[in-house]
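Please find below a colleague's note on the attached model.

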Amino acid sequence: MGVASNLARFLTQKKVPFELVPHQYAEGSVNTALSAHIPTNQLAKAVVFRDEDMYYTVAVLPASYKVKRHTLNLIFDRHLELAGEDELEVLFEDCAPGAIPILGQAYGLRVIWDDALSEQEAVYMEAGDHMHLLKVKREDFLALMENHLHERFSGERQRAKTARLLQYIRSKGYDWTDSEPVYAQN
């Protein structure tokens with residue numbers, strides 16, 4: 001499939017250059033980042049909420065973070081709940097189930113993005129099929145998001161910190177499959 005049709009049309013209309021990055025099939029944003037060999041804080045994920053009036057909002061945050069829903073409720077002065085899988089299939093009909101793009105505006109949805117993403121040199125996002133990501137430069141990401149609300153509404157997950165630590169340890173040549181324990185040397 002590659003890039004979802006609504007997403008491709010939107011990026012073409014906005015004249016935003018992007019790189020299509022293939023990766024092994026993966027579900028879940030942290031798994032996707034690991035499969036694509038990119039830092040989890042550079043992969044932006046979408047979490048879709050609905051309020052009591054059935055109005056949808058796409059919250060965009062780093063893959064290694066989790067939404068602080070209480071903070072979002074305060075920002076919008078609404079009671080937000082996660083949208084159900086059946087709702088997501090209708091909203092993102094050109095995407096594989098669960099492969100939700102962050103550019104909710106391409107689907108007519110309200111978007112709020114976490115300021116942590118503005119610190120990244122490049123931002124990766126789901127293309128809509130669990131096997132491709134789109135990579136855009138920071139300035140292009142910021143241009144796409146310039147008319148949308150942004151705030152700090154998320155925090156890093158503990159397991160993401162652990163995954164980053166394991167990535168670092170492996171990059172230094174340690175292998176956790178060794179039968180002998182590794183001890184710190186004085």
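1. Which side chain meets that of arginine 50 in a salt bridge? The partner is glutamate 87, with an N to O distance of 2.6 Å; a salt bridge here is a side-chain nitrogen of Lys or Arg within 4 Å of a carboxyl oxygen of Asp or Glu. The pair links distant parts of the chain, arginine 50 lying in strand S2 and glutamate 87 in helix H4 (residues 85-91), 37 residues apart. Both arginine 50 and glutamate 87 are buried (under 20% relative accessible area; exposed is over 50% and partly exposed in between, with a 1.4 Å probe and protein chains only).

2. On the basis of the values: this is a predicted model, in which local features need pLDDT of at least 70 and side-chain atom pairs count only at pLDDT 80 or more, while totals for chains, interfaces and linings use all residues. Residues are numbered from 1 along each chain as its sequence is written, and side-chain values use heavy atoms, with hydrogens and water left out.

3. The structure holds 7 salt bridges. One of them joins glutamate 81 to arginine 69, whose closest N and O atoms are 3.4 Å apart. Glutamate 81 is in strand S5 (residues 81-82) and arginine 69 in helix H3, 12 residues apart. Glutamate 81 counts as partly exposed because its relative accessibility is 32%; arginine 69, at 33%, likewise counts as partly exposed.

4. Arginine 138 and glutamate 121 also meet through their side chains in a salt bridge, at 2.8 Å from N to O. Because arginine 138 belongs to helix H5 (residues 138-145) and glutamate 121 to the loop between S6 and strand S7 (122-126), the pair ties together parts that are 17 residues apart in sequence. Arginine 138 is partly exposed, at 24% relative accessibility, whereas glutamate 121 is exposed, with a relative accessible area of 56%.

5. Helix H3 spans residues 69-76, and Leu72, Asn73 and Phe76 are buried in it. Helices (H or I, at least four residues) and strands (E, at least two) are DSSP runs, numbered from the N terminus. The buried residues of H3 line one face of the helix, because they fall within an arc of 100° seen down its axis; the arc is that of the directions from the helix axis to the C-beta atoms. On the other side of H3, His70 and Leu74 are exposed. Just after H3, aspartate 77 takes a positive phi of about 50°.

6. The buried residues of H3 pack against strands S2 (43-50), S3 (56-62), S4 (65-67), S6 (110-114) and S9 (149-151). Contact means heavy atoms within 4.5 Å.

7. By class, the lining of the largest pocket has 17 nonpolar, 6 polar and 7 charged residues. Ala, Val, Leu, Ile, Met, Phe, Trp, Tyr, Cys and Pro count as nonpolar, Asp, Glu, Lys and Arg as charged, and the others, Gly among them, as polar. The largest share of this lining, 7 residues, comes from S2.

8. Overall, the protein has 6 helices and 10 strands. Buried residues make up 48% of its 186 residues.
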